[in-house]
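This briefing gathers selected local features of one protein model for computational work. Please consult the sequence and the structure shown below while reading.

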Amino acid sequence: MSQIRVLSSILKRTKFTVVSNLRGQASSRFSTSCSSSYSSSFFSSTIARSSIHGFKSLPKGHHVPSFRNMSTVASVAVGNKEGLKLLVSGGPRAQKMVGIWLFGSAAWVFSMVVLGGVTRLTRSGLSMTDWKFTGSLPPMSDEEWLQEFEKYKQSPEYKRVNKGMSIEDFKFIYWMEYAHRMWGRALGVMFALPFSYFLRKGYITVRLGLRLSALFALGAGQGLIGWWMVKSGLEEPASEHAQPRVSPYRLAAHLTSAFVIYSGLFWTALSVVMPEPPVESLAWVQGASKVKRLVLPVSLIVGITAISGAFVAGNDAGHAYNTFPKMGNSWIPDDIFDLKPLSRNFFENTSLVQLNHRIFATATLLSIGTLWLPTRKLDIHPAIKSLIGSTAGMAALQVTLGISTLLSYVPVSLGTAHQAGALTLLTLMLLLNHTVREPSPSLLKKLPQLAKTV
């Protein structure tokens, strides 16, 4: 996955040093000066060779990006109101350790989303008819497997979809769902143990501790939301002709919750390893501010498109109207407002749900393209320009994946790639929002009006 390589490049190329800003009387208060300089070669040519094109260096004769002005001073932050307050105490080594842990946790959540997509597309999610918070061992004998199979035979999915399924086929879908559940529980352990260790070492500040505690609580609640979703698929459908499936509302809640947890972890990890945005002049700060005004609404469109995709999955809308650009023989189906009350159509009507997703996906591509075109001439950090270009490329790829998935009647491979693509695009938008945020007042005071050229 390309975003994992991006994170790997961040961690390998990010260096933390200590630079003291204390002068005069302050030097007498600290006999051993301790400083920090955040030097990020985060956007480098190595990432350029990755699937999201990376961040290119400038040609000869132009400014060569250096992030040495992203200096922060942990020892001064407490005493100086304008100083940058770091999320991690304990120096550069502690920042690096916590950053690696958080990026690893975010990558784990990403893999959970992908595995969840595979579980849904293989119709494995309803194979386990009960749930325990702590989990349980899988069937270990033929007798135990037969007992689990008998439970599944009582479910609507077996009676209406998989009647006559063999025990071997049942084992496949059971193992898929079991792996998804246990992978989530393993994430909880992998998150909690380092969290406890870093707390004991004193690396976690109060602000970071509260944020991570909230994310951990969301993660624990995600298991409950998952079972709440599965339980809806174990109930008899209202119509005798309808196939059993989970509630689209609950599926959307489950997927949205996963996206929120991932976003929180990824943003926090970025804030730990990159406490200041990449700026070297006031002109670049002003340019980034202009980009930020465009990025925020585009990010909102990307988020809405992802949620609309959850309703497409929840209604199996991808198996209808497998044509593009028209939906069947028309641009807009005739039955988009057949359900009563009217509001139900936006979330439960297969035709309107798919039409909405097509519209939002098109709006996402156009909005990111609109972001990319004017920013090419802005005076901004080269890394930001490269990131915007990568985001535009990913948006085009994601639309291509979506169309291909639809025309191919949603095969597992393409459907999974499309879901992973949505999270990859969200990752790039988070990265872009993080790089165009406003620097601290202490850093602004040190910046020249224009970036130096070589």
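Is Arg123 buried, partly exposed or exposed? The model is predicted, and in it Arg123 is partly exposed, with a relative accessible area of 29%. This value falls in the partly exposed class because buried requires under 20% and exposed over 50%.

**Positive phi values**
- Arg123 is a residue other than glycine, yet its phi is positive, near 55°.
- The loop between α5 (92-121) and α6 (142-153) holds Arg123.
- Val410, likewise not a glycine, has a positive phi near 55°.
- Val410 is located in the loop that runs between α14 (382-407) and α15.

**Cis peptide bonds**
- Phe324 and Pro325 are joined by a cis peptide bond, for which omega is about 5°.
- Pro325 belongs to the loop between α11 (282-314) and α12 (345-348).
- Another cis peptide bond links Lys340 to Pro341, with omega about -5°.
- Pro341 also sits in the loop between α11 and α12.

**Ser105 in helix α5**
- Ser105 is part of helix α5.
- The relative accessibility of Ser105 is 0%, so the residue counts as buried.
- When residues up to four places away in sequence are set aside, Ser105 is in contact with Leu187, Met190, Phe191 and Leu265.

**Helix α15**
- Helix α15 spans residues 412-435, which amounts to 24 residues.
- From its first C-alpha to its last, α15 reaches 35 Å, close to the 34 Å expected at 1.5 Å a residue.
- Of the 24 residues in α15, 19 are buried, and the helix is therefore mostly covered.

**Second largest pocket**
- The volume of the second largest pocket is about 480 Å³.
- Its lining consists of 22 residues.
- Pro237, Ala238, Arg245, Pro248 and Glu348 are the lining residues that lie nearest the centre of the second largest pocket.
- By class, the lining of the second largest pocket comprises seven nonpolar, eight polar and seven charged residues.

Key
Residues numbered from 1 in each chain as written. Predicted model: local features only at pLDDT ≥ 70, side-chain atom pairs only at ≥ 80, totals over all residues. Heavy atoms only, no water. Helix = DSSP H or I, 4+ residues; strand = E, 2+ residues; numbered from the N terminus. Expected span 1.5 Å × (residues − 1). Buried < 20%, exposed > 50% of the residue type's maximum accessible area, 1.4 Å probe, protein only. 1 Å grid on protein atoms, 1.4 Å probe; cavity = no way out; pocket = protein on both sides within 12 Å on 5 of 7 lines; lining within 4 Å. Points joined across faces, edges and corners; volume = space filled by probe spheres on them. Nonpolar A, V, L, I, M, F, W, Y, C, P; charged D, E, K, R; others polar. Contact = heavy atoms within 4.5 Å.
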